[in-house]
Structure formats: structure tokens, C-alpha cells
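Dear colleague,

Please find below the structure that I am handing over to you. My notes on it follow directly after it.

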Amino acid sequence: MADLRFDGRVVVVTGAGAGLGRAYALLFGSRGAKVVVNDLGGGRHGDGSSSKAADSVVDEIKRNGGIAVADYNSVVDGDKVIKTALDNFGRIDVLINNAGILRDKSFVRISDQDWDLVHNVHLKGSFKATQAAFPVFKKQGYGRIVMTSSNSGLYGNFGQANYSAAKMGLVGLASTVAIEGAKSNIHCNVIVPTAASRLTEDILPPDLYAELKPELIAPVVAYLCHESCEENGSIIESAAGWAGKCTIVRAKGNLLRSKISDIVTVENVRDSWEKVTDITGAERLASIQEATGQLMSDLERLSNPTGPEGGSDGNTFSFTSKDAILYALGVGASTGATNELKFLYENHEDFQVLPTYYVQPALMAVMMSRTTTDAVPGKTIGLEQVLHGEQYIEVCGEVPTEGNLVSKVSVEEVLDKGSGAAIVSKIETFNESGDLVLVNQTVTFAVKAGNFGGPRNGVKIIPTQPKPNRRPDASLSQKTSVDQAALYRLSGDTNPLHIDPNMAGIMGYDRPILHGLCSLGFSVRLVLRQFANNDATLFRACKLRFVKPVFPGETLRVDMWRENNRIHFETVVAETGVTVISGAYVDLKSVMQPLANKLSASNLKSDAVFEFIIDQVKADPNKAKSVGGVFLYNITKDGKQAKQWTMDLKNAKVYNGKPEGKPNTTLTISDEDFMLLSEGKLNPQTAFMKGKLKVTGNVMLAQKLAPLLKANAKL
Ligand SMILES: CCCCCCC[C@@H](O)CC(=O)SCCNC(=O)CCNC(=O)[C@H](O)C(C)(C)COP(=O)(O)OP(=O)(O)OC[C@H]1O[C@@H](n2cnc3c(N)ncnc32)[C@H](O)[C@@H]1OP(=O)(O)O
């Protein structure tokens with residue numbers, strides 16, 4: 001590989017008259033850089049000044065065929081140092097803040113002057129020079145900065161309180177400069193050298209001192225400043241031909257209270273101290289956002305202390321009909337929609353819980369246990385990095401419409417997906433008699449938790465299924481509300497990602513995203529509407545993958561394909577055309593047949609209440625005068641009694657008598673009668689009997705329908 005060169009680059013090294021600074025300057029000079037050799041030429045305690053030190057290094061560089069100029073300014077006037085570079089070479093690419101002095105004294109003996117001088121040279125000097133160079137770097141979209149810290153700063157050292165404080169200050173300065181510069185390709189790192197220099201000559205033992213040649217550290221600093229080096233915001237320690245990255249780690253720690261309403265007592269702290277200070281499994285946090293995210297995670301856990309870690313009653317999920325109704329509202333059920341009142345009114349003769357509500361006990365159990373957060377080896381997964389990846393739910397027993405359910409969570413496998421980890425959890429849920437009634441499988445996608453060496457493909461994960469290769473058999477759309485997530489979260493998933501713009505920002509979204517389970521609830525409900533006449537008892541199972549986020553306010557279009565009792569579906573955001581749920585299906589116990597099939601002789605002989613869909617008329621938003629509606633009739637086995645009917649007359653206000661229908665089917669009615677129908681003042685059966693509502697086109701439909709309705713009318 002080619003040598004790493006700095007041709008055309010201008011490098012400023014402060015304190016370059018001797019020691020490390022000199023070694024840096026010589027190395028950069030020998031690699032083609034134009035070097036500004038800054039040195040005030042003072043003593044190591046910050047006294048005096050002379051041009052000698054800088055001049056001799058400049059001479060040395062020149063003797064070796066390099067290009068260099070001397071600068072004698074104090075770094076406290078950092079802008080002047082940078083000006084020297086600009087005046088002589090017209091640019092600056094690299095700044096090494098290296099200048100330093102010592103004023104060692106035991107802590108109580110440090111005078112204000114000792115403190116100020118040390119801080120001025122190390123911390124303020126680095127600030128001034130960097131601040132002067134920064135706009136130039138920003139303008140040219142390139143810059144490399146090195147701050148010089150010390151083990152004395154990282155760990156403390158007797159007699160160096162002023163120096164330690166300044167050196168640790170440089171770490172903070174570099175961390176923020178690194179963040180602010182990143183988008184302009186400005187990198188800022190910290191070097192922690194241990195070298196033989198005039199600052200260390202009487203501190204280190206002589207034989208060790210001899211081994212600590214600055215020339216062994218200079219290549220590390222030079223590499224950090226090369227355009228090919230991507231390191232940014234790091235602390236690199238180097239000495240005697242060794243280098244390693246230093247980092248600050250945080251213990252797993254411990255919650256000091258059980259729930260949000262508790263206070264923290266001194267005794268709580270004492271009792272937790274062992275866990276607070278146990279650094280087993282300690283982690284490096286990548287950013288302040290990660291720290292905030294984990295804090296939010298903890299607050300979440302304190303606010304919902306139902307799990308074993310929260311400290312109360314395991315994975316018991318208690319719910320009433322009110323909770324199920326709140327959920328139904330959260331996933332878009334409406335009293336204005338055909339046959340959905342039963343999901344919203346506890347006194348309805350056929351009150352039902354939407355089957356997807358039964359993912360709630362599973363999700364709550366997963367969120368409240370540590371099984372997911374601790375699933376990836378060597379990492380603790382924070383709430384700020386989890387997305388709902390996939391979901392499977394199967395109703396395998398009698399689930400009550402209110403009561404208690406107990407769930408058991410186990411992690412089945414953890415998949416290494418590169419960009420993240422997919423944590424596959426199985427949740428079995430039991431009713432109060434101990435019978436297994438639900439099986440859920442949740443795939444949690446932990447962003448940036450991949451590459452841990454785990455398997456990529458699972459054996460236990462329930463697979464998604466590709467959609468059939470044809471146009472959808474049916475599509476239904478529904479717009480979510482801008483407050484959809486605000487409403488949905490009241491059902492239990494209070495993850496701030498869905499309501500708090502800050503949390504959304506931490507996860508890289510410009511606004512909060514909708515709960516995956518809310519999109520799932522909308523989608524499955526529309527499948528049930530299309531193929532199960534909204535009968536939740538026909539639901540058996542469902543599987544899907546969340547492939548892209550949904551934002552509250554977007555319209556969900558559910559495209560459906562029927563293959564026997566399996567309804568494949570895909571959910572797309574209508575406004576953008578982006579697929580948000582894929583590989584999905586709902587398995588029904590049986591599918592409500594289209595009218596023509598339903599009217600077959602064998603069905604009529606059935607003892608069961610006979611239900612059928614007369615026809616489905618799709619609303620066409622592009623045609624203001626079309627009508628959307630589902631005509632639903634329930635007729636007893638002998639076909640005599642019309643038990644119930646409903647018309648969904650959405651978009652009907654401008655109806656002109658000729659709605660769009662399925663091919664070959666036209667429903668005809670006058671404007672006036674249509675309005676009466678929509679207001680519930682005219683019964684559809686009466687309308688049909690009186691010839692006010694005509695079904696034409698679909699001959700079979702019309703022919704089979706007429707005698708039935710006539711028979712009813714005679715009653
Ligand atoms: C502890 C508490 C538990 C908490 C549970 C959840 C709590 C809730 O409050 C959280 C939510 O509701 S979040 C909202 C719903 N979810 C979403 O919006 C996620 C949408 N999906 C995405 O953005 C991407 O798929 C994304 C980001 C997930 C992946 O995208 P990429 O990183 O670009 O991955 P990609 O390159 O497409 O694929 C890489 C490998 O990963 C697999 N994969 C992709 N999406 C997946 C998904 N959704 N689930 C599972 N695996 C997924 C790919 O198949 C690929 O693997 P392979 O190459 O082996 O096929």
C-alpha cells in the first residue's frame with residue numbers, strides 16, 4: 001500500500017519547539033506537509049519567551065527538504081497562530097494542540113495564578129486556536145484536530161490538580177468539537193501520550209524515560225490527522241510503540257425505586273450500592289442521546305411496573321371491556337362503520353374483542369421483562385434502539401372479553417442481521433383456568449445491535465409468506481388520525497417513540513411514528529371486514545413484518561388476496577405508495593362467501609343463522625358521485641326473516657343514483673330515497689320491495705335475491 005502523505009496540507013503544531021511537538025512537526029514535514037512550528041520558547045513553567053526553539057525545528061525540517069515557518073505566539077492568542085498559517089500558506093488542514101506547561105503543587109498549595117496559567121495554556125489555548133481554525137475547516141469541508149490530554153487528567157495524579165483538570169477539560173472540548181464538526185468532515189480526537197519530554201523528565205524513572213521516545217507516538221498522531229482516517233471523537237492513548245483507544249464506560253446500574261410514584265431514600269441507595277457499582281457488563285454509550293434514551297427506558301419501566309423487573313405481579317394482564325373498546329378505537333373501529341358497533345359497545349348483544357387486542361398481553365410481557373433487553377450477548381438493548389419487527393398471533397383457546405391473562409416470555413433465538421439484532425420471543429398466554437389461549441411470537445429489531453457473531457437465519461421464527469402474484473382480490477383503505485398514536489398508546493404501549501418528538505429524533509425520525517401494533521390492528525380489522533363480515537370469532541392467526549414506519553395521519557391501504565381460508569395482505573401508505581407491512585396473512589376459521597355462493601341450495605339448508613353480503617360497492621374517491629357501501633343481510637335458515645341489515649353509506653351525500661359496483665352489478669336508487677336510506681328513514685328491504693332499490697347487471701345476484709326478499713316481505 002502507498003505511503004500516507006500530507007502533500008498540499010498545511011499543519012499547525014503548537015508547542016512544537018521540543019519533545020512531542022517537535023516530533024510531530026518533523027514527521028509531517030517529512031511527509032510533504034507545510035508546517036507551522038509554533039513555540040513561545042518559554043520555560044516549562046510558562047516563564048519567559050524566545051524564538052530559538054521554533055527556529056531550530058524549522059531549520060531541521062528545511063534541512064530535510066521540507067517546508068516550514070516558525071510562529072512565536074502564545075497559544076492563548078490562538079487566532080494569531082492560525083493567521084501565521086493562512087498568511088504563509090493560504091490554508092490550514094490540521095491543527096495539533098500540543099502546547100503545555102506545568103505548575104505542579106499539592107492541591108492546597110495551588111495558587112490562583114498556578115491554576116489560571118495552566119488552564120490558559122492547555123484549555124484556553126486549545127480553544128482559541130481551534131476556534132480560529134474551525135471556520136476555515138468548515139468552509140473547505142475538511143479539517144483534522146488533535147487535542148492533547150494526559151493520564152493525569154483521566155486518572156488524576158498527585159500534585160497536578162490544575163493540570164489534571166485542564167487535561168480532562170480537553171476531553172470534553174474534543175467530544176463536542178467532534179460532534180459539531182462531523183457533518184463538515186472535521187474530525188477531532190484526543191491523544192493521551194506518555195512520552196519523554198521536558199514535562200516528564202523528572203517525573204518518570206530514567207530507564208523508562210529513555211524508552212518513551214516521542215517518535216514512537218508521532219505516527220499515531222499523524223495517522224489520526226490523515227484524510228483516510230475516519231476516527232472522530234476518540235481518546236487514543238499511546239506510549240513506547242503501543243496505542244489503544246480509551247473510553248468511558250457505564251455500569252448496568254440499578255433502579256433505586258420500584259415505581260414512578262416512589263421516592264428514593266438513602267437506604268434505597270445503600271441497598272442497591274453493590275449493583276450500582278458493579279461494572280460487570282459495563283458499556284460504552286455512543287452519545288448523549290443514548291444516555292437520554294436509556295433514561296427514558298428506565299422511566300418507562302418505572303411507569304409500567306407490571307413486569308418482574310418492575311417489581312410487582314409478574315406477567316399478569318388484567319383487562320375489562322372498556323380496555324378492549326379503547327383499543328378498538330385506537331385501531332380505527334367506528335360506530336359509523338358497518339357492523340363495528342359490537343367492538344365498541346359492551347352492551348351490544350354480540351359484543352366482541354378485536355382479536356389483535358390479544359397481542360397486548362404478549363407485548364406488555366416482553367416490554368416489562370429483561371429477556372429482550374439482555375438477549376444480545378455483551379449488550380444491553382435500550383428502548384431507544386428497538387423497533388417492532390414482526391408479529392405472529394394465534395388464538396388457540398377461549399379468550400375472555402375481560403379478566404386476567406398470564407403470559408410467559410421466552411427468547412427463542414437471537415438473529416444477527418448485520419444492521420441490527422432480531423430477537424425472537426415466544427409468549428404463551430393462559431386464561432384464569434390455566435388453559436393456553438394465545439400464542440404470540442414477537443420479533444424485536446434492535447437497531448445497531450448486530451454483528452455480534454450470531455446466526456443470520458432462524459429456525460424457530462415463524463416465516464412471513466409472499467403475496468400471490470396477481471392483482472389484489474380486494475383493497476380497503478382507511479385514514480389514520482394525526483392523534484392515532486396518542487390514542488393507541490392508552491392501550492398500554494407508552495413507548496415515547498410514538499409521542500415524544502425528542503425520542504423520535506434520537507431514533508432518526510423527524511416526528512413520532514405509529515405503533516406497529518396499531519397499523520397491524522387497522523390492517524387485520526379491514527381484512528375481517530372484507531372476508532369475515534367483522535366476525536372476530538372467525539380469526540385464527542396472523543403473521544406480518546413491519547418493513548417501514550407509518551406516520552400518524554397517513555392513509556393505510558390494505559391489499560388482500562384470498563387463498564382458501566388464508567387471506568394474504570400487504571399494507572401500503574396510500575399517499576406515498578410505500579409498503580409498510582409485507583409478507584402478511586390472516587388465517588380465518590372460515591371465509592364469508594360472496595353472495596352467489598352463499599345462496600346455493602346447500603347453504604340454505606343450514607341450521608345456522610345465514611349471513612351474506614349482497615354486494616360490495618367500492619367508494620371511488622376520484623368520482624365524487626359514486627357511493628361506498630356494504631349491504632349486509634342476516635336471514636334465518638328458512639330465508640323468511642331479515643334479522644338485521646346495515647348499509648355503510650360513506651361518501652354518499654352527492655349520490656346520483658348510479659353507484660359504481662363490482663363488474664356487472666349496478667345498484668340503482670333515486671337521490672331522494674338514497675338520502676332517506678342513509679338517514680335510516682327508509683328500510684333497504686322496503687326500498688327493494690317497492691322497486692326503489694334495483695339490483696341489475698349481476699343477473700344471478702338479482703334473481704336469487706328477489707325471491708328471498710319477497711318472501712321476507714310477506715311476513
Ligand atoms: C424491549 C421491548 C420490545 C419492544 C417492542 C416494540 C415496541 C414498540 O413500541 C415499537 C414500535 O412499534 S416501532 C413501529 C413499528 N415498526 C417499524 O416501524 C419498523 C419498520 N421497519 C423498518 O424500519 C426496517 O425494516 C428495519 C429498520 C427494522 C430494518 O431495516 P434495515 O436495517 O434497513 O434492514 P434491511 O437491510 O432491510 O434488512 C437487513 C436484515 O434484517 C432483516 N429485517 C429487515 N426488516 C426486518 C424486520 N422488520 N423484522 C425482522 N427482520 C428484518 C432482513 O430480512 C435482512 O435479513 P436477511 O438479509 O437475513 O433477510
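Helix H1 (residues 19-30) and helix H2 (residues 52-63) have axes that come within 9 Å and cross at roughly 25°, and the two helices are therefore roughly parallel to each other. Angles under 35 degrees count as roughly parallel, over 145 as roughly antiparallel, 65 to 115 as roughly perpendicular and the rest as oblique. Helices (H or I, at least four residues) are DSSP runs, numbered from the N terminus. Their axes are lines fitted to C-alpha atoms over the stretch in contact, and angles run from 0 to 180 degrees between N-to-C directions.

The model is predicted: local features need pLDDT of at least 70 and side-chain atom pairs count only at pLDDT 80 or more, while totals for chains, interfaces and linings use all residues. Residues are numbered from 1 along each chain as its sequence is written, and side-chain values use heavy atoms, with hydrogens and water left out.

In the contact (heavy atoms within 4.5 Å) between H1 and H2, Arg22, Ala25, Leu26 and Gly29 of H1 meet Val57, Glu60 and Ile61 of H2. By class, this contact of H1 with H2 has four nonpolar, one polar and two charged residues. Ala, Val, Leu, Ile, Met, Phe, Trp, Tyr, Cys and Pro count as nonpolar, Asp, Glu, Lys and Arg as charged, and the others, Gly among them, as polar.

Next come two pairs that share helix H4. The axes of helix H3 (residues 78-89) and H4 come within 6 Å and cross at roughly 40°; H3 and H4 are therefore oblique to each other. Gly78, Asp79, Ile82 and Leu86 in H3 touch Lys128, Ala129, Ala132, Ala133 and Val136 in H4. Six nonpolar, one polar and two charged residues make up the contact of H3 with H4.

Helix H4 (residues 112-140) also packs with helix H6 (residues 161-181), at an angle of about 15° and with the axes 8 Å apart. That makes H4 roughly parallel to H6. Residues on the H4 side include Trp115, Leu123 and Phe127, and those on the H6 side include Tyr163, Leu170 and Val177. The residues of the contact of H4 with H6 divide into 12 nonpolar, seven polar and three charged.

Lastly, the ligand. Polar contacts here are pairs of N or O atoms within 3.5 Å. A polar backbone atom of Phe546 is 2.8 Å from a nitrogen atom of the ligand. A backbone N or O atom of Gly389 lies 3.1 Å from a ligand nitrogen atom, and an N or O atom in the side chain of Asn495 is 3.0 Å from a ligand oxygen atom.

With kind regards

Methods. Polar contact = N/O pair within 3.5 Å; in protein donor to acceptor, adjacent residues only side chain to side chain.
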